[in-house]
Amino acid sequence: MRSLGINDDNEIRRFTDPQYWISYFPTHVKHDLEMMGLKVDWRRSFVTTDINPFYDSFVRWQFHHLRQGGKIQFGKRYTIYSPKDNQPCLDHDRNSNAEGVSPQEYTLIKLRIHDDRIPAKLKSRLTSSTAGVYLAAATLRPETMYGQTNCWLHPDITYVAFETCLHGILISTRRAALNMAYQEFTNVYGQYTILAEFLGTELFGLPLHAPLSYYETVYVLPMMTIKEDKGTGVVTSV
């Protein structure tokens with residue numbers, strides 16, 4: 001507010017009421033536009049929020065008709081999300097350094113660990129209903145999966161195994177597991193249960209079944225350039 005020239009503390013406090021923004025700024029915007037020489041028929045101006053019952057009624061009418069016609073529906077979409085606030089966090093809610101950030105879509109490739117080579121610390125947590133244990137590799141190029149030759153892990157990154165609703169047990173970084181929990185991979189929204197933890201070195205050499213690959217078995221190998229805050233920390237090589 002002070003950067004806009006509003007220095008009165010009492011005045012600034014009034015902006016805690018969202019309706020005050022609507023009553024305060026239009027006159028200032030009108031003044032600035034007139035100072036620029038803009039010629040406008042201001043008789044046609046109006047506020048486009050529910051403070052204007054006529055405009056609000058028009059918008060509601062539009063959306064009711066679109067929904068009745070099957071043109072729109074209520075649902076979810078991928079967006080930047082704030083677990084702290086439990087709501088989407090759009091550009092104007094973030095600082096200037098984070099503006100323009102969009103969701104990055106990855107395709108998960110489920111690399112199944114051979115059943116007879118599942119690590120002992122995890123094997124004891126399996127049940128008869130467990131639908132396999134997988135390294136969850138993230139890729140931006142799923143069309144290249146036919147050429148998979150091996151899987152990369154960072155030796156010093158901690159990976160976690162967690163159970164999902166439909167995809168068996170996945171192994172990824174904690175950050176990726178949390179992201180997947182907020183995308184309804186787990187039974188409880190936003191929560192995941194760690195069944196076991198591994199350093200990358202503990203998983204080296206494991207034989208994997210890579211879907212669509214020419215090779216029946218590929219193996220886990222080390223790569224030092226993997227970043228814990230990017231993708232799932234699991235990289236499939238083609």
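This briefing covers the nonpolar cores and the aromatic contacts of the structure above. The model is a predicted one. Its largest nonpolar core has 27 residues, and the structure holds 12 aromatic pairs.

**Nonpolar cores**

- Within the core of 27 residues, those with the most contacts inside it are Leu 111, Leu 122, Leu 135, Ile 171 and Leu 208.
- Two or more residues of this core come from each of several strands, among them strand 3 (107-113), strand 4 (133-139), strand 7 (169-173) and strand 10 (218-222).
- Leu 122 touches Val 133, Ala 161, Ile 169, Ile 171, Leu 195, Ala 196 and Phe 198, when residues up to four places away in sequence are not counted.

**Aromatic pairs and cluster**

- Among the 12 aromatic pairs, Phe 15 and Phe 25 form a tilted one, with 5.8 Å centre to centre and 45° between the planes.
- Phe 15 lies in the loop between helix 1 (9-13) and helix 2 (18-35), whereas Phe 25 lies in helix 2, so the pair ties together parts that are 10 residues apart in sequence.
- Phe 15 is buried, at 7% relative accessible area, while Phe 25 is partly exposed, at 22%.
- Tyr 182 and Tyr 189 form an edge-to-face pair, 5.3 Å centre to centre with 90° between the planes; Tyr 182 is partly exposed at 22% relative accessibility, and Tyr 189 is partly exposed at 41%.
- One aromatic cluster is formed by Phe 15, Tyr 20, Trp 21, Tyr 24 and Phe 25.

Technical notes. Residues numbered from 1 in each chain as written. Predicted model: local features only at pLDDT ≥ 70, side-chain atom pairs only at ≥ 80, totals over all residues. Heavy atoms only, no water. Core = buried A, V, L, I, M, F, W, Y, C linked by side-chain atoms within 4.5 Å. Buried < 20%, exposed > 50% of the residue type's maximum accessible area, 1.4 Å probe, protein only. Helix = DSSP H or I, 4+ residues; strand = E, 2+ residues; numbered from the N terminus. Contact = heavy atoms within 4.5 Å. Phe/Tyr/Trp six-rings, centres within 6.5 Å; stacked < 30°, edge-to-face > 60°.
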